[in-house]
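I opened this notebook to record what I looked up, one entry at a time.

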Amino acid sequence: MKLKAKHEERHWRTGVFMAAPVLLGFLFLVLYPIVSVIRDSFTSYNPLSGEAAFIGTDNYLRLIQDETAIEVAKNTLIFAMILVPVNMALALFLAILLNLHFRGRTSFRAIFFSPVIVSTVAWTIVWKYILQDDGPLNYFLGNIGIDGPNWLRDNPWPMISVVMVQVFKNVGLNMIFFLAALQGVPEEMYESSEIDGANRWQQFKKITLPFISPTILLVAILTIAGAFQVFAQVLLLTGGGPGLSTTVLSYYIFINAFQIFDLGYASALAVCLFVFVMILTVAQWQIRTRWVFREV
Amino acid sequence: MRNKRYTRRNSKLTGWRLFGIYVILILMAAPFLFPTWWMFTASLKPIEEVFSFPSSLIPNDFRIENYQEVFRLQPFLRQYWNSLSIALIVTVLTVTIATTGGYAFARIKFRGRNKIFVLLLTALLMPAEVTLIPIFRLMVKSGLSDSFFPVIIIPAFGAHAVVGLFLMRQFFLDFPNELEEAAEIDGLSRFRVFMKIALPLAGPAIASLAILSFLYSWNLFLEPLVFLTEPNDYTLPVVLPQFTDTYGSPIWNVQLAAASLSVIPVMIVFVMAQRHFIRGITMTGLKG
Amino acid sequence: MKAKYLKTIAAGSAIALVAFIGIQPAQAAKKGSITLRMTMWSSNAGHLALFKGIADEYKKTHPEIADIKFESLDFATYTQTLTTQIAGGKSPDLAWILEKDAQQFRANNLLLNVQPQMETTPGYKIDEIAPGALGLWKSTRAVYAYPFSTSPFAIFYNADLIKAAGAEDPAALYDKGQWTWANAAKVAKAVTNYEKGNYGMNFPTFNYTGWNGLAAVWRGFGAEAWNKTGTKCTFNSKPMIDSMTFFHNMIYKDKSFPAPGIATDFFAGNVGMSLIQLSRAANLSTMKWKFGVVPLPKGPVADAQVIGQAGMSVLTKSKNRKAAADFLVFATNPENAAKYVQYFPQSRTPLMDPKVISKASILNEAQAKLIVADGITKGQILTSHPKISTIELTIKSTLDGLWKSDANITQTLNDVCTKIQPTLR
């Protein structure tokens, strides 16, 4: 054993060499920006005129009192709290269905996965057309006697529309991850539980869920992190409106940075977003020992 | 000792159950399929029919001119090429970086390896809008903001590369040790072990990563939006919303024609390769 | 197995390398030659041909200019794209500037003073330019843009449709001195009720996002967004409330104005009247029905004509400022300005002659005098503000509260002022 340990460490130079590109990338494209954003959040910087000045915590004080920022933060939370459960539940449901044996299941898998490969912009543009007040969706609803609302303008539908467009785009990927996980559950577990007289629902709760819990955790982390980064959908579907009702934090940061050109304030907002997502992810990671069945 | 009941789990569904499943699946498939259908059909309609009341499922009046308009209004061919070439470069770079890095983190011990890996994971959480601002300034200062450099470097070396690294590391973790140990006893250096033994067997994982990276770059919107300001340099996602009339409202049929053009090649490849593709993603995946 | 993978990697890298070389943005042709770039928000073929023609003529006498490129940016995001180019170190040499951005661009020192070139170039005749038109673009000793389009808002109408709906012709109303907003609303309502799918009036520049175009409505009621110095918000003044109530009724009570999310096109023939700027009405010649043109209706308080402007400027962050300024002066001298008349109303006095205008455009002489000549001299330019990009988002998103059927107009307008007043100070 000792020989093996020395043997492995002998190669650490190769290891560092091979890991270098990704580490360098991380340094410049992740670490440096984080540090930079934190530093910028204490300044006022207008790239149009080129003026920058150190203004201490002014941006943060402004942030706390900014009604817009507070409303935007609220929207972002609502958005995530709807999107994540809907996405994950739908993905799991589809994965279970498509794990059964029947003809055509591969085609269905492909159908549900197809939006994942389409460009977000193309997908969003098509939905913008479909959701128009006088568009195809309301036409179909009208045919079955329902007077559809103006999906992109009558609250609360704009937010729901943005969420669902993103869910349909993305759920196929989560479905595939769950599918893989489901196929990893050992058959013997089900067989022995049937001997003990367990029904389908009990099997699901006591066997399936625990076994795929590592995947659930990882999908949750990725989906939650992704929910806070939705941007193109907002820009193209509603432009943040009506009013501010679909303006989420990532979109608000973009506007402050690239339309208002107040980079200091945008940076302060970005720091808040980053800290929040960090806390959420660490929290999920820490409580994993409670409910995740196996070591990840 | 196979009890007859067990085979139920693995047997084919029949009868009412099967019918029920089909009904549910077809209903649920609607929002996944119809958008694509509407996109293609609307792209072929004249503008009056796009919003005609009642809406038509199949165009009454085919207008191929919509597609010609796409090329007339924008240097679309050039923009297509931009998207394609950028995606190819990003794919090659990402695969190289993620595979070598993933192998290192999985199979080679070096000081602080695990701690660094956890640190890298924070890159996954970083919203692009957060990192974009300083990167924008960095690019401006180094005079690179008016080129394709940021649009290539950011996906290939940034957060996406970390995702790739994560996937490849996961794959290499499950690698059997014996093959490599045998090679090392034969005197190969660690790197050559990687090149000659590990890499060739990583084919499916690399293929999946390549496909994911290509799609990621193909669909990138925020970075091209910010860094590419000349129509000749645009990539497809940036161009699509720009088919508007003089007042800024979208010319739907032309815009959807452009969207169709950007989606068709990806769809074709996908349909042909979907079996391998989906299986490949499962293999690298987050089974845990 | 191994060889196959190595080959794939090699092939992939080769392709990538070729692609990489192929996509490098085109470099300037020769060393020492200058390439100028002007951004514009139109991609109209006629406009482009016009400018290219002027550029070609200029190149003949200026060999140091390798090329002059005209870049069409999307109108809806024009300001943002332009400012991103500037902030990103890739400023164009010349640019069209919207009137609403004029003050902000000047405050940030983005526009070059071209008065020296204008005054020293023989034959430029800077005094021909109507002083009112230069207002936004000049200070006592500097000129920051040439106002290449001074375009009044007017009402274009479908005479055939209005007649069929049994409403009175707007030109007839105008002649009787009864072309008011109240009567315009009546005409609109008649057209809407005439046939399903018709709308009495649309307003493409506004379209629920371009709020500052609403000045075409509110000024007739004596309202304005802020006071003259831009330090006090007047969105919540009584005249503004009255004007927005009137407009709201047209949309939600009469339903003669398309609600948000509904796409309409005046040139498709089912819209009675269209509130548009002259310079954007290039499609009129292709219409198959009889059309008419009248100025904006009178409001209860004032007969307010509204002008939109576009200036052509040299950007201070350009790398070829002198060459760009020289080209600007050439492109806007009396001979070339005369070529713009067919598309953009000019503010050089000889070009404001109704005879000249009607010869070059689709308007007849009477219409030309009414709308262009009188409009430019009497009209007021659209609302602007030095801090426009900071408050624009807030105004637009707050005003969104107006565009629903149960809107509380007074409350919404009060909200606008509450939110933007701190910044206006």
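The entries below concern a predicted model.

**Entry 1: the domains of chain C**

I looked up how chain C is divided and found domain 1 (34-151 + 308-381) and domain 2 (154-307 + 386-424). I then noted that the C-alpha centres of domain 1 and domain 2 of chain C lie 27 Å apart.

**Entry 2: where the domains touch**

How many residues of domain 1 of chain C are in contact with domain 2 of chain C? I recorded 27 residues of domain 1, in contact with 18 residues of domain 2. On the domain 1 side of chain C, the elements that give two or more residues are α4 (99-107), β6 (146-158), β10 (306-314), α15 (365-378) and β11 (380-381). I noted that α15(C) provides the largest share of this side, seven residues. By residue type, the domain 1 side of chain C holds 11 nonpolar, 13 polar and three charged residues.

**Entry 3: a helix pair in chain A**

Two packed helices are described by the angle between their axes and the distance between the axes. The crossing of α12(A) past α13(A) is left-handed.

**Entry 4: the residues between the helices**

From α12(A), the contact is made by A:Leu249, A:Tyr252, A:Ile253, A:Asn256 and A:Ala257. From α13(A), I listed A:Leu263, A:Tyr265, A:Ala266, A:Leu269, A:Ala270 and A:Leu273. The residues of this contact between α12(A) and α13(A) comprise 10 nonpolar, one polar and no charged.

How values were computed. Residues are numbered from 1 along each chain as its sequence is written. Chains are lettered from A and ligands numbered from 1 in the order in which they are written. This is a predicted model: local features need pLDDT of at least 70, side-chain atom pairs count only at pLDDT 80 or more; totals for chains, interfaces and linings use all residues. Domain bounds come from an automatic or database domain assignment. Two residues are in contact if their C-beta atoms, placed from the backbone, lie within 7 Å. Helices (H or I, at least four residues) and strands (E, at least two) are DSSP runs, numbered from the N terminus. Ala, Val, Leu, Ile, Met, Phe, Trp, Tyr, Cys and Pro count as nonpolar, Asp, Glu, Lys and Arg as charged, and the others, Gly among them, as polar. A crossing is left-handed if the near helix is turned anticlockwise from the far one by less than a right angle, and right-handed if clockwise.
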